Every structure is written in C-alpha cells, then in structure tokens.
Amino acid sequence: MSRGAILYVSLLVGVVSLFNPACIDPIDFDVPPGVGNSIVIQGQVVKGENSYVEIVVSRLFDFTPESRQPVNVKTVELFDTKGNEMILEPRDQGYYREVLDSSTPIQAEVGTGYSIRVLTFDGRTYESGTDVIVPVPKVRGLNVTKIVGSAVNALGQIEESERIRLSIDSDINTDQGGGQYWKIFEVFKISDSPIDADITQKTCYVTFEQLDINVLDLSILSGNIIEDYELTMKPIDFRFYEGLFFEVHQLSLSSGSFRYWSSISDLYSREGNMFDAPVGEVPSNIANVDNDKDIVFGYFYASEEEVARVKVPLSLVGNPEPYCPPDFAATVPGSDECTWGLCCDCLNTKESTLLRPSYWID
Amino acid sequence: MQNSNPLLKFKFTFNFPLIIMRRVSCFVFIMFFLIQWMIGQNVDAHKRSGSYENKPIEQVLRNIEDLYGVSIYYKDDDQLKRVVDLTFKDLTVDEVLDKLLEQTTLGHIDYRQYAKVVAPRFLLEQSYSSDYYNALESSLTESAQGKKVQVGDITNLNPDGLATIHGIVRDAQTNEGIIGATVLIEELKKGTTTDPMGRYELSGIPAGLHKLNIEFLGFNSYVENIEVLGDGQLNIRLDKAAVELDEVTIRARSADASVNEVQIGVESLDLKAIKKLPKFMGEVDVVKSFLLQPGVSTVGEGASGFNVRGGNVDQNLILQDEAILFNSSHALGFFSTFNADLIKSVDLYKANIPARFGGRLVSVMDVELKDGDFEKVYFKGSVGLITSKILAEGPIIKDKLSFIGGFRSSYTDWLLKRLSVPELQKSSSFFYDGNIKLTFKPSAKHNFSFSAYSSQDEFVYNEEFGFDYTTQFAQLDYKLLLSDEMINSISIVGSKYVSSQFDFKGLDGARIDNNISYLKFKDNLKIVPSDELEVNLGVEMINYFVDPGNRFPYGEISTISEVLIDQEKGRESAVFGDAIYNLSDGITLSAGMRLAAYQFLGPHDETQYEDPNLPTIGGISSVVTKTGTVASYTSIEPRVSMRFNIGSHSSVKAGYSRTSQFISQIFNTDSPTPTSQWQLSTRYISPFRSHNASIGVFKNSDDNVWETSIEVYARKIDELFDYVDFARLLVNDNLETELRKGEGRAYGAELSIKKNSGKVNGWFSYTYARSERRVDEINSGEWYLSNFDKTHDASLILNYQPNQRNTLGLNISYSTGRPTTPPIGNFLTPSGLAVPIYSKRNAARIPDYFRVDLSYTVGKGYKKDKKFKTSWTFSIYNVLGRKNPFSVFFTRAAFEQVQANRLAILGSVFPSLTINFELL
C-alpha cells in the first residue's frame, strides 16, 4: 500500500471513528443469588400542614413484578422521646398511616425524637433508632423559567428542545448539619375525550411525584440562603396544555437521615462511568433486636416539611400539543378497548381526582 | 632442546610467557615471510661461518638473522645484553644458536620452517595446543597487517590455546560503564553481559580471529574482527545511536538476561519493538506496552495507571530517573506521560524490588531518560491525529555539554467541536508535556545532569465540570567515577503535583484542589570489586508536603463554603544496601536490606476518638494540636533473590521481599481520578506492608531466539485499608472515619513465550491471578475480590517482518472481566422509587475483555546519509470493533426489570496514522 493510500484511509476512517462516541448497550448479566426474604421497613413522621406518620413494610423483591410483596405485621408502634407511644392501624397490606394531631397520643413537634417498633407474626421484633425533627427552613419562592437545552428524545437521539426549569429560593440552616430534601410533585389539569358517547367528558387533576432524590448537603454550604437552586427540568408537553403546578415539599433531614437519602441518591444516579462512586449497602437505622445477622433494609426518619407551589404560566410554555383527543384511533382494532389512558378516562389512575385543588387557579 | 619436526609441533615443549619482539616492519615481515615460506625447508641445512667479538648476544642474534636469512624472536632478557665473543665455521643456524646460548639459561626452538624463537630453557617442557600455534602464527603474520583489533599477546596465551579477554564497555559520551550490554562471539556461542560498572569477561576463547559483537539499547553496535593472541583487555566505547536508533539492533537486556539475571520478575521494554506495536491514536506508550506483559493489567480502557499482580494503581513506584511521578496519565488515562522518544530504558520490577527502591508495595517502573548527543544536533518528531511531538538534541559544548528536549501536545478540541453531541461540543481536552535535560561531563570521572519536566492536563465536560492537573519537577544528578570499581550517584529532586476539580455551575459550584510536593535526596554508591560481586549502598530521604484538599466556591452564585485542610508533612528515610554475588558459575545470590523510617510531622491538629482502632464521626472526643513527630513507623525490609542455573540455557530463580508504603492514593472508584488525593500515613492510617515471594523457571533455546518462563508468585498484605460504603473522600478532615483496616492476599502464575528474532517474531503471555481482601467491617468480614482481580489475562503479539523496513503486527488481548457488585434485589420507596440492593462486594464480574489490533510500519529508508527521513505507522485499534465494557451499570426498565448495561469507552474501530520524521 502506498503512503498516500495509507494516509487517505487513515484520515478517513480515523475521523469517522472519532465521531463515534462511547456507547452503552444492554447486555445479559448473570446476577448472583439474592439476599432472600429480607424485610424492608420504611417510615416517616412529618410535621407540616397535615402532620402524619407513615410506615410501609415489605420484602425485598427480585426483578419481576410478581415478587413484590407487602408484608402484614402483628403490630407497628410509634414512640416519641417524651415517653408517648401509639399503635398504628393498617390502611392496606403492609401500609400504616395516621394523622398526627391533638387527638393522637403523639404529635409531630420540632425537637422531639421519634422511633418505631415492628413486631411480626413470627415473633421477630424490629426497632428503629430515634430521629429528631429539625426545623425546616423557610421557602422564599419557586421560580419557573424556559430554557433551551439538549435532551434525549423518544428515539434516543439527542436534540435541542425547550424545557421548563424549576428552581427554589430558600433559607438554609447550615449550623444544624444534615440536609435538605425536596419532594417534587407535578399537578396538572386534563380533560378527557371519552370514545364512549355515554360517558361524560371530565376534567381531572393528576398528581405525579417525581421519582428523583433531591437532597442538598448543608454541611458543605455557607451562608443562610440559597437562590435559584435548580430542582428539576421538564420538557414542554401535554401536561402544560391546561395548566400545571409544581408542588415542592421541602423537608429537613437530620444527619443520619440525610446520609440515608444521600446514599440512595448515589445509587439511583449512577451512570456507570469510571468516576461513579461505588455501590454499597444503604445504611439503615432499623434492626432486629434479637438477631443482628437479620439484615433489615429501609429507614425511619422524622422531619418538618414546608410546601410551596408555583404555576407554570401558559405564556411560558407556548402552545404544547394537547393530549386529548388523540390524532389517531385510540382503540384496539376490532375492540372498544381504549389504549389512550387518561384521554379515555382521566380517572383511570389513582393519582387522579376530580376535586379541584384549593390552590388551583386557571 | 629443539624440535623442528612439523609433525611434533603440536606436542613439543616450550615455555611461557614469551614476548615476541617484532623487529621488522610489517611490509618487510610479509615479504620475508613469503620468501621464507618458499625456501623454508632448507633453512636449517644452510651452513655459514662468522665471527663476532665483544658484542651483546642480542646483536649477535640479529647478525645471525641476516647471515642465515631466518627470523629470530625473543623476549627482553638481561642475558641478551651479555657481551660475548663468538666464532664459528660451517655451522647450521641451530648449531650456532646452541653455541651462542650455551653460557646462558636460554634455549631456542623452531617455529615452522621460517623462524626461531629464543626463550628461557626451563620453560621448554610444556605441551601446546593447535590453538596456540594458530595464535602464534597469527601474531607473526596476519596481525601485522593491522586490519583488526588485537587482544592480548602470545606471551599470555595459555598452553591450551584458550584465552580470557576482559574489558569495560563505556558510553563514549559520558565515559560511564554501560550496564547490561551484550558481549558476544557468535561463532563460538560465547557471550556475557556487562556488569554494573560496564565490565565483561569472556573466558575459554581460542586464540585466533573472531567476530566480536557488542550491543546495547540506544547505542550503535560494535561489530569488529578481533584477533585474540592471549589473555588481554579490550575496552570499548559505544556511540549513541540517536540518529539511527531505529536502524540498529537494540535490546533492552542481554539476549540471555531472562535466564542469567538474578532478579526475578523484571520486565524490560524493547523500545524498538514497542514502536511497531499497534497503538491507540498512534501514540507510542510505554505504560500501555507493559499491559501486554504477563502480570500487568488495567481495570479498563481509559483508566489511569496500571495494576501489577493484582495490586492497586498507587502501589507502583513510577520513576523518571529519580523523580517520583504521582500521576503518569494524560487525558484521564488514555495516554501516559512518558514521551517515548526521550527514553533510554524502561524496567518494571514486579516481583523482587531491589533494595535501592522503596516506598511502594508492589512494583517499580524505572524510566531512564537519554542524555543529549554530544556531537551532532538533530531533530525528531511525529505527527498524529490528536497528538504531535518534537525532540531536539545536540551539543552545547562539543563533548562536554549536551542538551535534549522534547515536547508533546494534544489538539483534540478541533475534533470535539465537530462532533454531533452537544455535550462534547461544549467539552475540551488538552495536554502537554515537556522535558529538558542538560548533561555536563567536565572529565571522564565527573558527570552532572540537570533535568526538568512539566506537564499539564485540562479536561472540561459540557462546561459543567472539569479537571486540571500539572506535574512539575526538577532534578540534579551528579555521578562520580571513583575508580573502575566504584561509582557514586547523588540525586536531588524537587517536585510538585497540583490537581483541581471544577464544578462550574450552580449553587454548589466549587473548585477542589489537592497538591503533593516533595524534596528528595538520594545517594547510591555502587561497588563492583570483582566480576563475582556487586554491592550497592545508599541513603534516601524524602520530605512530603501534602495538601489533602481545599475547597473554594466557584462562580458568582455558589454558596459552597470554603474549606481548607491543613497541610500534612511526612518524612520517609531509608538506608539500603544489597549485594549480588556469584557463588559459583551456576548460582548467584542477591541479598539486600532496606531499613525505612517514616515520620508524620507536626504541627498537626489530631482528632482523638473514643476508639482509636475504629474511628467514627460519632466517636470524636477531642482535637489535640501536636508538634514534632506526631506518628512514626519503621520497616525492616529484607530483599533476597537467588538464581540456580540448570545447564547453560536454563535457570530457576526465587525471591522474597518485604515492602511497605507510607503514602497512598485515596479513591474508591474503579479508577483514580486526577484529583484523588494522596494521603500520608498517620496515627490512624497505618502504612501498607506486604510479604512478596516468587519462584520461576526460565529457559532460552535456539541461541536465545526463544525465551520461555513460568513464574509463580504470592503476596500477603498484612496491613491495608479499604473504604466504607458511600465513603465521603473529598475534602474530609476526618478521612480515617471512612477507612477500615484489613488485610490482603494475591497469588498467581505467569507464562511467557517469546521469539526474539526471525521474520515472524513476537510473544505470548498468560497470567492466572487472584487478588483478595478482607476487612472486618466489609462483606461481613469475609474475603472478597479486589477491584483489580483478573483471573485470566493473555496476550499474543505477532510481528511479520519480511525485511528491515516493513513490519506487520498483530496483537490479541484477552482478560477476564474485573469484579463488580451487581444488584440482587430491590425495594420501593413509598413514592414508588425502586432502590436497588447490591450483592456482597465484588461478587460478580463484568464481561470478559477481548481485542484485536493490527499495525503496519514502514520504516525509514535504507539511505543513511539522507538528511530528512520519515517513517510511518498505521494502526487499527480494536479491529473487530468489539464493545468491551469499561463498566457495567444497571437500570430499571418497564415492569421493574433491572437491565444490565455495558459502557464501552472504545467500542469501535480506531485507526490511526503516525508520521515520524528525523532531521539531521
């Protein structure tokens, strides 16, 4: 091969290959045996507009839907550091929730510590450590802006698109350590288009919690305020067509519970690159009091929350495509089965309601 | 008394030593010889008459020569000055000589038919071999022609005709002895290597003409016809082969070094060979080349550093001359920081580390830079797709002061800007490195050198985060040749490594810096009193200054708090000595000792814990300011190796060493980042310590064309640390709370088969290795695989070289996937978020690694006098386009199925072309 040919081939193929970035592919992977039927106990005491305690007991599951198992237990008890205790009643399989107000033996209060005890039907006793409610800083405001940035589209291609950015201004209290935790909800209005003429069109308000962990380590911050701290970015789509509120629950976390949520955030945000933090065992503050080899997952924590909401102005989102009616047949060919979820019946998800939220403004 | 019968010439008696005085000129001698050859049969029969009065015997001998037309040779002897009177009539030459010498102790013999040799009579009763006569004849005939180098003289030739030649092979520029040069007489299959002083000795050499070949990496070969007349000395000065480096035959070690060197587990790179290996982006890389050797691996493409026999990246001592490098990677690990054009030699000690090295647990990579050429100025360089480099060297004062400098830089930004990925368009990557070295040799005994190095890397991703790290050092070396047996080397090095990590945006925008600098002094005295013994003695002291981490807010809106962690200081001192002794022809022992002492120095605010053996944040009791020596450790480190030869081409070697490490890199990711801080040993962070043992069988065959070896090794680390889950390692003033003490072990076997020459050459290497750890607080206290455990690792390198200019190369690499920790379960948070639960640490492996590369090298033209020369290397990296995983991570797909995903960094074919040029 002549030198000229070598040069040409090299430059041609070389440049082409350089434009081929690193790639990610799904692969088959032999997973070692699981950890068995370990119990998972998750609980929280929240002081807020409506203070409550919520406990969920389940088991670890492998990667099939059938393996998910809520667990009924014999008793679930809540304790506070003032010496009060109360037994929680099940609301569903493995699900315990009580509103905490003046009528209950225990109220949610800043500075008070809380713990739980779970007794199973086979006689195992699990107790949590005590978590003290630290005061939540005041939310000063939520901001929504429109930005243009790159995002992955439905075909997996990266493209420029308009997105709504949500950020927060808030006080912070760096002296108390721990962290700040935001739960972000999207509440949007949608009017369905039933294909069955007998069904009346409805307007629903759908609430989805964003499945992200948004925690901030206060121990590395200085000052007493954060401004325009980005919480999320959302592509502009049908959810904005009839109006969308962002609802932000700002929670205060003790150092222990912050470490728990931070660890989960680490696991959840792993991208698989060489600089990812390694995985590990998420720390739990719950243990089997009789058998320290019985591995327990989950965490019990107590916090104060402040809720803030902001509506995304329609002027900001332009003219997104409506969800309903669909521009194609919304039924399975040969049947009347609707395939377009909310559009056929906006109540067909449990996160949906016909009740207009009190804060809603059109 | 005499024996002129030709049939008895090989048995007749004679004496030694004898110095033949050539008394005629070369031309006359030849003419005389030819005449005598023709008429020789009748010389002894001629009868002559003569009379000499009051003349010295020596003068009478000369007169007899003239009178009889015969050559007479004799050595200086007082008796020849005796004055005599001699009168004779019709006597033969023998009869005259008898009469002349009868009053002395001298006698005479015939040498063939044309010469008489006068020598002491008492020596004339010894047998001589044919080699002796060949040598004698050679000394009388061909040697006079002056067309070859003579060694020794006939008077020092043993009766069996075998001689011993010795000498020193020196660098012509520095006058230093060259260690490890191959000295070979091919037709006799006799060879050796020079010792640390450059000395060699070849014994049992038949007198006569031979072709002597001396070779050493980076030097022009010495190929000369030599004439061995007897025992003697031949000193050789080799010129650097800088201009014609690629043309000379170079080997990093002597051909039989794998069998005959006492150290086990030493890999030396053949710099000529690695230039023809397939390479990524066309860049010759010594670190990547080591990955093709047995026992050396990496966690994946793009990872920094390398792992030796299952050890951590930071457990390798990387030296450029005497300077320690703390980060040997450019571009996050795709390239190493070594500019191959400046390198004189590269050795990797992966088993028994010689006593002169210390401070790391597992291996030493010893890179030695070249000196500049003392005679000629020339330039050399190469142009590749993303890097280019240039080298210049030459004399400043001819034969006294030389320079060599090299510079290399990347230019990837133009490519990144053209990529279709927005994140990459907003990314940038750049690195450079530069070396300069001045060498001054005011005399043959003194050699000064000053060298400086600087490198920088910048990497920005999507204008969101980035790295910036620099290495700078300067070193001064002084070598004093105290005698032919002793050389003293003093080195002073000052170095600084600075790294920064940037988070450019948002409220948590921050810059995190960490630095390490040191001052090092080392004195090494090498004594080689005999060919059987080599002794190294020395001292070494390193003062470390470590900034473990400082964090600053970055950007106007950042609310990140500033954190400054106090600088930490430590001192590592060592006294070392070792000796290599040839116990016999077949057994060599190397025994050494390194006594190391380490001090962690104050002032330092030391946190006190309720349980000092298990420091936790919750267990902090107080902070105490300490001065002076805050913590100290000592280490007694024996280093022993032994070689047993089995025949002339096989050996068994074994070795044991104790090593310790007082400074470690902190990282719990698969690969260290440029900002992974270095941490000195403190009261709570103990030094690493290990026992290392290895044994191997080495066999060469077919005149060292084939080299085979099998080595078995084991390492027990009785002190190390690992990290707690979710450890917070950045800017942590209580880092010890994130670490847990434990132990480790590694063991394995390595097979290597090499074919060193021929049209088809190359090597195959295979490694079986295990590397495990045990920490009480991790994995329930059970043993688990380290991140660097690769059970099987194999490489096949084949070169087809139909002629000197063209080489086709093939490289096939395979290795077991490294350990990983996969999810084995899941639970949902109340909000529906699936939280993965992971297996025990490193309980599974990522898929195996397999790669095939090709290269085609067109070497320089054959015209050596050409002023501008080019050579080309075309490489195809990953010919099969295999998507080898760098890592595997897991995502949750629909219906909560967890999907394993493979991240391949170099998942396609990467061709490259490198154009090398030289300008004389």
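I began with a term: a nonpolar core is a set of buried Ala, Val, Leu, Ile, Met, Phe, Trp, Tyr and Cys residues joined through side-chain atoms within 4.5 Å. Buried means under 20% relative accessible area, exposed over 50%, and partly exposed in between (1.4 Å probe, protein chains only).

I noted that this is a predicted model, where local features need pLDDT of at least 70, side-chain atom pairs count only at pLDDT 80 or more, and totals for chains, interfaces and linings use all residues. Residues are numbered from 1 along each chain as its sequence is written, and side-chain values use heavy atoms, without hydrogens and water.

Cores. I found 70 residues in the largest nonpolar core, and Phe306(B) and Met365(B) are among those with the most contacts inside it. Another core, of 35 residues, lies apart from it and includes Phe240(A) and Leu507(B).

Sheet. I looked up an open sheet of 5 strands in chain B, ordered β15-β22-β23-β18-β19, with mixed pairing. Strands (E, at least two residues) are DSSP runs numbered from the N terminus, and two of them pair if DSSP finds at least two bridges between them. β15 and β19 of chain B are at the edges with a single partner strand each, so one side of each has no neighbour in the sheet. β15(B) runs antiparallel to β22(B), joined by 3 bridges.

Backbone. I saw a cis peptide bond between Gly602(B) and Pro603(B), with omega about 5°. Val731(B), not a glycine, has a positive phi of about 50°; at 14% relative accessibility Val731(B) counts as buried.

Key
Chains are lettered from A and ligands numbered from 1 in the order in which they are written. Helices (H or I, at least four residues) and strands (E, at least two) are DSSP runs, numbered from the N terminus.
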